[in-house]
Amino acid sequence: MAALKLLRDIKPAHMGLALIVAAAVSGLLYIIVLRPVYNLLFHPLRKYPGPKLWAATRLPYLRNWLGGHAPHTILELHQKYGDIVRVAPDELSYLRPDAWREIMGYIPRGVLENEKDPFTFKGLNVEDSLIGANREHHRALRSVLSHGFSASRLLDQQPIIMRYIDLLVERLREKTMVDKEIPVNMVLWYNYATFDIIGDLAFGESFGCLESSTLHPWVAVVFKWVKFNAHIVQCRRVVPWVFDLIEAVLGRMATSRVQEHIGYINSKLDKRLGTVTDRPDFVDSMLRTDKAGLALTRNQLMENANLFIVAGSETTATTLCFTTWLLLTHPDKMRKVTDELLSMFTRQEEITFQSVLSLKYLLAVFDEALRLYPPVPVTVPRLVPPGGRQICGDHIPENTKLGIWHYPMSHHAGHFALPDEFHPERWLGKDERFAHDRKEAFEPFSHGSRNCLGKNLAYAEMRTIMARMLFNFDMRLGNGYERWADRCPVHNLWEKPPLLIHFTPRGDQEREILRSRN
């Protein structure tokens, strides 16, 4: 009765405020107490090992992600808890090599796949893009786009790509002529080269980075957005309503920037479409039809050209940076790769996409660099379809997120001997120390029908750039950069501080002296 009297005495003007306070308290009670208790004691994933706090709430996952050290922490969790770890209330992380096939492998028609978690792309218009399309759309898109990445097409694209590799070498030579004691920030220069290359292949013209020695403003904005959106996705998983509110408040501003971005892509695409189509670039390939007569729509052309810029530049530049740093911090490996190169080539023009295939040690160097520093060290979770799925011997309930983190997978001592050390020899099959390495764990370009379409392009581009660099220059690491890689946090991609390197041009005489040491 007292409670009823109290309710009658509340003025109508105060009723709304009381309801808001009650809703807020109830919401906090649910978030702080009820939901964590359910996650720990009653959730279908409760049987899987992992830290209790991570199982109760996504906050530890978020803290590590925002801190830039999530891949390293996930590795530590696997070392403590085993091959399958519950890293969030609704997410499992896998360290078993067969998980690539079980989670991302080819699925027969008529069977639902473990699709990419749609939440990863929430707020992005990626349905027409190869990276975010559903299974049927993805198959159709890939059938058209794959032509632009075929082996024969790669050879057709070689003159376009070599133009920028030559320009990179030329600009670096010019800088050493000004003052060879001033080191060069190769994080920037590798980005200049890869952005210009992929810009020409995607739009028919470069971004002018190598010419101007600056990163194009549009490109800089794109990668700030990639980092920002990756953080927003993780934050939204924890408190979705807060970020929905922020999005609503800032929607006009965000829409303006997105429209500006889309307008830039459209103008580039219009310019390319207005030229002759008989050019071996991605647009020419995208304008073709597949065997079933499928042709891409205008929006699909735009979305995939945009994807190529993002996916085909930063990742390649990152691998070049880490490979260069690894060689400069391991003089014995640098000597081996240089000796191999100079024993095969006497003129720079001999170094082509085809001829670098004979540089077996150089390929092993890149594979080892990709193992130690995969360009995408995090996971893009897959989602278990309705009805659940059998994964690595266990029935996993529907809507569970399945993650395979590249960095932990390639740094696990159960997969690779001396996992944190740089040993290209492990990939040559002659060193007994690495005879039991589980190389099937190594998938830097992902696995299955959604693996990276540009793998062959990336390898050809990286090997040719590095071979031309080593042929033309002696390189020396700047003072204080011996532990440069330790200063690279991960925010979806590696965030790289400047990497300063001294260059000394090599002439015929210097190369002959190096050959004679063999």
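Visitor: What should I know about the model before I read it?

Guide: This is a predicted model, in which local features need pLDDT of at least 70 and side-chain atom pairs count only at pLDDT 80 or more, while totals for chains, interfaces and linings use all residues. Residues are numbered from 1 along each chain as its sequence is written, and side-chain values use heavy atoms, with hydrogens and water left out.

Visitor: How many helices and strands does the protein have?

Guide: Helices (H or I, at least four residues) and strands (E, at least two) are DSSP runs, numbered from the N terminus. The protein has 21 helices and 12 strands.

Visitor: What share of the residues counts as buried?

Guide: Buried means under 20% relative accessible area, exposed over 50%, and partly exposed in between, with a 1.4 Å probe and protein chains only. Of the 518 residues of the protein, 51% count as buried. The accessible surface, from the Shrake-Rupley method with a 1.4 Å probe, comes to about 24,400 Å², and 60% of this belongs to carbon and sulfur atoms.

Visitor: Which strands form the open sheet, and in what order?

Guide: Strands of a sheet pair through backbone hydrogen bonds, either parallel or antiparallel. Two strands pair here if DSSP finds at least two bridges between them. The open sheet has three strands in the order β4-β12-β9, with antiparallel pairing. Its edge strands are β4 and β9, each of which pairs on one side only. Two bridges join β4 (residues 184-185) to β12 (residues 500-505), and there N185 has L500 as its bridge partner. Five bridges join β9 (residues 473-477) to β12, where the partner of D474 is T504.

Visitor: Which strands form a hairpin, and how many residues lie between them?

Guide: The hairpin consists of β1 and β2, with two residues between them. Strand β1 (residues 84-88) runs antiparallel to β2 (residues 91-94), and four bridges join the two; A88, for instance, is partnered by E91 of β2. Strand β1 is mostly covered, since five of its five residues are buried.

Visitor: Why does L328 count as buried?

Guide: L328 counts as buried because its relative accessibility is 15%. This residue has its place in helix α16 (residues 314-328). Contact means heavy atoms within 4.5 Å, and, leaving aside neighbours within four places in sequence, L328 is in contact with M334, M475, R476, L477 and I501. The C-alpha atoms of L328 and E482 are separated by 8.6 Å, although the two residues are 154 residues apart along the chain.

Visitor: How many cavities does the structure hold, and what lines the largest cavity?

Guide: Rolling a probe the size of a water molecule over the atoms shows where empty space is left. On a 1 Å grid over the protein atoms alone, a cavity is a set of points where a 1.4 Å probe fits but cannot get out, and lining residues have an atom within 4 Å of a point. The structure holds three cavities of 30 Å³ or more, and the largest has a volume of about 60 Å³, a volume being the space filled by probe spheres set on the points. Among the residues that line the largest cavity are W100, R371, H406 and F442. Helices α18 (360-372) and α19 (406-411) each supply at least two residues of this lining, and α19 gives the most, with three residues.

Conventions:
On a 1 Å grid over the protein atoms alone, a cavity is a set of points where a 1.4 Å probe fits but cannot get out, and a pocket is an open set with protein on both sides within 12 Å along at least five of seven lines; lining residues have an atom within 4 Å of a point.
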